[in-house]
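Here is a briefing on one protein structure. Look at the sequence and the model first, then read the notes topic by topic.

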Amino acid sequence: MKKLRNCIVLSLLSVSAVGAPAGAKKVPRVFVEGFYGLSSVNPTDLNTARSGFVWNGTAASAGLFERLPYFGGALGVRVFRKLMLSLRYEWQRQVLSTTEVGSGITVADYFVYSPVFLLAELPLTFRRWMFTLGGGAGYALKFEFHQQYSGTLEDITYKANPIVFCGRASLGFNLSAHLGVFAEVLYEKAVATSLAAAQSYSAGVNGSPITAGQTFKNSAGTSDATADLSGLRYGAGLRAMF
């Protein structure tokens, strides 16, 4: 009986040794990312409508929305070595040139886009290199067009909270078992078919006052202007793995 017990123990140890070979390294499961990059967008309807606004009877804010720097972070977990799930947060903002529209009065337009995504990605590893490919969906916590008018010290805000989508590819290099660097390319689909004024404002645009809930109109004033911040994002960052 004692011999049989010893044989069973030895057999289990042998199976364990095959399943977890000596010297095998444990793959980190939890990861944290921090990143910075630049988006390339072309919100034609928004740019055209915005440039048609006349402030103080003189001029519109100069410039176009086309490059939004972004930064943010992600917290994720690696599941069964074959899948990475993460919660990703971004902050994107572009401020256009300040334009004088009267004696000592200026206006500056800017856009803020701040989404949170749930992403699923497939990792492919080779030695210290790791390539990921995946995507997901999310929600825009902020999707706001601002017109900051110094004449009344008002920040006129039109906003929406659309559902957004993201596809992402990244290439990373592990500097150690727990720290790596990566480059990323994303495509984000972020569209709001209308933007509404957050409140009423005393400043008037094109001679008309702005009331709460009033939608931002196209250049002809006949329909709501679409704000389409869809486009590519290019960035780089650090990845810590635990």
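Predicted model: local features only at pLDDT ≥ 70, side-chain atom pairs only at ≥ 80, totals over all residues.

Residues are numbered from 1 along each chain as its sequence is written, and side-chain values use heavy atoms, with hydrogens and water left out.

**The whole chain**

- The protein chain has two helices and 15 strands. Both are DSSP runs, numbered from the N terminus: helices are H or I with at least four residues, strands are E with at least two.
- The chain has 242 residues, and 39% of them count as buried. Buried means under 20% relative accessible area, exposed means over 50%, and partly exposed lies in between (1.4 Å probe, protein chains only).
- Take the contacts in the chain with a separation of 6 or more: residues 24 or more positions apart account for 70% of them. A contact means heavy atoms within 4.5 Å.

**Salt bridges**

- Side chains of opposite charge can pair when their charged atoms come close.
- How many salt bridges does the structure hold? There are 10. Each is a side-chain nitrogen of Lys or Arg within 4 Å of a carboxyl oxygen of Asp or Glu.
- Arg-88 pairs with Glu-90, with the closest N and O atoms 2.7 Å apart. Both of these residues are buried.
- Arg-168 and Glu-121 form another salt bridge, at 2.9 Å from N to O. Arg-168 lies in strand S8 (residues 163-174) and Glu-121 in strand S5 (residues 105-126), so the pair ties together parts that are 47 residues apart in sequence.
- Arg-168 counts as buried at 3% relative accessibility. Glu-121 is buried too, at 2%.
- Lys-142 bridges to Glu-144, where the closest N and O atoms are 3.6 Å apart. Lys-142 is partly exposed, at 31% relative accessible area, whereas Glu-144 is buried at 11%.
- Some salt bridges share partners: they join Glu-33, Arg-88, Glu-90, Glu-121, Arg-168, Glu-184 and Arg-239 into one network.

**The nonpolar core**

- In soluble globular proteins, nonpolar side chains tend to be buried together.
- The largest nonpolar core here has 38 residues. Such a core is a set of buried Ala, Val, Leu, Ile, Met, Phe, Trp, Tyr and Cys residues joined through side-chain atoms within 4.5 Å.
- Which residues touch the most other members of this core? They are Phe-111, Phe-143, Tyr-158, Leu-195 and Phe-216.
- Strand S5 gives the largest share of this core, with six residues.
- Leaving out residues up to four places away in sequence, Phe-111 touches several partners, including Leu-46, Leu-68, Phe-143, Leu-195 and Leu-229.

**Aromatic rings**

- The whole structure holds nine aromatic pairs. Rings of Phe, Tyr and Trp (its six-membered ring) pair if their centres lie within 6.5 Å; planes under 30 degrees apart count as stacked, over 60 as edge-to-face and the rest as tilted.
- Phe-65 and Phe-111 are edge-to-face, with 6.0 Å between centres and 70° between planes. Phe-65 lies in the loop between helix H2 (44-51) and strand S2 (67-79) and Phe-111 in strand S5, so the pair ties together parts that are 46 residues apart in sequence. Both residues are buried.
- The ring centres of Phe-145 and Tyr-158 are 6.2 Å apart and the planes meet at 20°, so the pair is stacked. Phe-145 sits in strand S6 (residues 129-149) and Tyr-158 in strand S7 (residues 154-159), 13 residues apart.
- Phe-145 is buried at 0% relative accessibility, and Tyr-158 at 2%.
- One aromatic cluster is formed by Phe-65, Phe-111, Tyr-113, Phe-143, Phe-145, Tyr-158 and Phe-216.

**Charges over rings**

- The charged end of Arg-50 sits over the ring of Phe-65, 6.0 Å from its centre. The test is that NZ of Lys or CZ of Arg is within 6 Å of the ring centre and within 35 degrees of the ring normal.
- Arg-93 lies over the face of Tyr-110, at 4.6 Å from the ring centre.

- Arg-127 is in the loop between S5 and S6. Arg-127 has a positive phi of about 55° although it is not a glycine.
- Is Arg-127 buried or exposed? Arg-127 is exposed, with a relative accessible area of 76%.
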